[in-house]
Amino acid sequence: MCESYLIQKIASDALIDQAYNWLCERREDYSHNNDVWRLRLLWRITKPDLQNRLLAGIYQFGALTEIRLPDDTIELWRAKDALVLKAMAIVLGHVMNPVLSDRCFHIAGRGGAKAAVRETLENLKPGSHIMKSDVKGYYANIDHNILYGLAEEFTDDPAVLQLIWQYMNRTVCYGGLYREVTRGISPGCPLSPLMGALYLKPLDDRMREQDVFYARFMDDWVIIAPTRWKLRKAVRIVNETLNLLKVEKHPDKTFIGRAERGFDFLGYFMKPGGLGPSAGSLKRFAERIARLYEQNACLKRIGQYILRWFRWVSAGVRDFLYFSSYNCDPPP
């Protein structure tokens, strides 16, 4: 399947304005030093120049700023680049969504994580055989050449393909030092969820051919097989496909066994008949409360966080929840 002249859609007034409004809302609380404010000030001049560069196929992404936090690293795109990437995500999403698997739940319109959890519970029967896993360092280990080849199946527009290649082979700046990134895609980028869905499409396609239940949310997936032999075949196919994609399963997050043992999936611990918060979710919940106490947060703020957490736990899956083993009750 190929789509030519997608760059004309990306550079159209409607898409550029939609992406601009998204950017302004997304960065409304950013520092006054962020370049989004200069872009907004000069937007009437910048917009036509941006569109002309896109249509001519000469638009160039700038270097990203790397921000290192105690427990995370952020890659911050220039405001203008983030706007272009958002417009690309919208247009490419319309092209790819019809052919991306309906078992890939993080794509817009597929129901999200809670839909994946609900369908998994509905198909989880006593005696079922389970494989649950994810990709080790998923975004950081995506092979650029493989992803580019997959993107070529959806468009032969050279301007769009050139932008996709730039998006992958980006330059990152930290402390005045620049480095080129030759493997992996950018976390926090509006285009990355779509590219992440595309990269594991070969796995989705092969699982569709098997007599098993399969659900995926980004790089987390679960397989439910009625027999041990069907699960073994599915596991072999998973391993073959990941090898072709040059990624590997996360050894500490892979479960293979009977459904009665229970397993973690998307923040829940599930068994046939019900689910509750996973041990990891409970640990993060407790750590967050401890940090709020350390920051001298008032009881109202702590209570609001607890309520929001209970709402997250129960949203969309209330009928499946059990809390008795955690000595707590669901919110009213």
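## Overall build

The protein chain contains 13 helices and 11 strands. Its radius of gyration is 22 Å, close to the 20 Å that the globule rule gives for 332 residues, so the chain is as compact as a globular protein of that length. Please keep in mind as you look around that this is a predicted model.

Of the 332 residues in the protein chain, 49% count as buried.

How do the contacts run along the sequence? Among those between residues at least 6 apart in sequence, 68% join residues at least 24 apart.

## Charges

How many positive and negative side chains does the protein chain have? There are 46 positive and 38 negative ones. The centres of these two sets lie 4 Å apart.

## A closer look at Asp204

Let us now visit one residue. Asp204 sits in helix α10, which covers residues 201-208. Is Asp204 buried or exposed? Its relative accessibility is 2%, and buried means under 20%, so Asp204 counts as buried.

Leaving aside residues up to four places away in sequence, Asp204 touches Ser101, Cys104, Ala197, Tyr214 and Arg216. With one of these neighbours, Tyr214, there is also a polar contact: the side chains of Asp204 and Tyr214 meet at 2.6 Å.

How values were computed:
Residues are numbered from 1 along each chain as its sequence is written. This is a predicted model: local features need pLDDT of at least 70, side-chain atom pairs count only at pLDDT 80 or more; totals for chains, interfaces and linings use all residues. Side-chain values use heavy atoms; hydrogens and water are left out. Helices (H or I, at least four residues) and strands (E, at least two) are DSSP runs, numbered from the N terminus. The radius of gyration is taken over C-alpha atoms; the globule rule is 2.2 Å times the number of residues to the power 0.38. Buried means under 20% relative accessible area, exposed over 50%, partly exposed in between (1.4 Å probe, protein chains only). Contact means heavy atoms within 4.5 Å. Lys and Arg count as positive and Asp and Glu as negative; His and the chain ends are not counted. The place of a charge is taken as NZ of Lys, CZ of Arg, CG of Asp or CD of Glu. A polar contact is a pair of N or O atoms within 3.5 Å; within protein, one must be able to donate a hydrogen and the other to accept it, and residues adjacent in sequence count only if both atoms are side-chain atoms.
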